[in-house]
Amino acid sequence: FGIVAGGSIASVSAANQTIPGDFLYPIKLVAEQTQLVLTKDKTDKLKLKTEFVARRTEEIKTIAASDIPQKQERIKEAAESVKRDLDTVKTQLNDVSKQETVTRTAEAAKLVDQRSSELAITLKDVRASVSEATRSSVTEAEVAAVNTGVKALQLLIDSHDDPASKDVITNDELIRSIHGKVQGMEQNIADAAFKLSVSTSSHTTSQREQN
């Protein structure tokens, strides 16, 4: 906090380009937390936190596409951070829906829906290329992204009948979002079924070999 508030602009600027595992990365997180603390409006705070989740998306993309040391550990760290951030976003989204107008709630929910969908796609792509030890963390973060998006989508659906929200999201946008969620869940179910069949087959083969 002292670095951020004390005016070390060069350090903060350099930290903005860092990824998990870098020496200056904690400064980036402290700078973000400072912005959140200084933001008093609940909706603005939610939008800001959601944009920070978008940063985590870009960080994971950068790590996955690189050949840096401790790559798997860094992806795992980033995924676990994303999961924590999404838990916070869901809580904030719930608070906003209870206290804000329909329009402001719909605006925030739309942003959360977009960012969580982007994150889920990124995590799905990354999941296929990580080690077994890292995959569970990435999968948990992906599930959290999908769940957060579903929560946001539910709020958008609930608010859509209110005339005040008509300018926030169109019918076509809402339908596309619903289809995207359904396809994502179908794919996750298919992946889970495939893993279960492989696990069952391996277990059966092992038993036969023992017999």
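**Exercise 1. State the accessible surface of the protein and the share that belongs to carbon and sulfur atoms.**

Solution. The accessible surface of this predicted model comes to about 11800 Å², computed by the Shrake-Rupley method with a 1.4 Å probe, where for residues only the protein chains shown count as cover. Carbon and sulfur atoms hold 54% of that surface. Buried residues make up 37% of the 211 residues; buried means under 20% relative accessible area, exposed over 50%, and partly exposed in between (1.4 Å probe, protein chains only).

The model is predicted: local features need pLDDT of at least 70, side-chain atom pairs count only at pLDDT 80 or more, and totals for chains, interfaces and linings use all residues. Residues are numbered from 1 along each chain as its sequence is written, and side-chain values use heavy atoms, with hydrogens and water left out.

**Exercise 2. Find which element has the lowest mean pLDDT and which the highest.**

Solution. Step 1: pLDDT is the predictor's confidence in each residue, from 0 to 100. The protein has a mean of 85, with 82% of its residues at 70 or more.

Step 1: the protein has eight helices and zero strands; these are DSSP runs (helices H or I, at least four residues; strands E, at least two), numbered from the N terminus.

Step 2: Where pLDDT is low, the predicted coordinates should not be read in detail.

**Exercise 3. Is each partner in the bridge of Arg-56 and Glu-32 buried or exposed?**

Solution. Step 1: the closest N and O atoms of Arg-56 and Glu-32 are 2.8 Å apart. Arg-56 lies in helix α4 (residues 42-64) and Glu-32 in helix α3, so this bridge ties together parts 24 residues apart in sequence.

Step 1: Arg-56 is buried because its relative accessibility is 2%. Glu-32 is also buried, with a relative accessible area of 5%.

Definitions and conventions: Salt bridge = Lys/Arg side-chain N within 4 Å of Asp/Glu carboxyl O.
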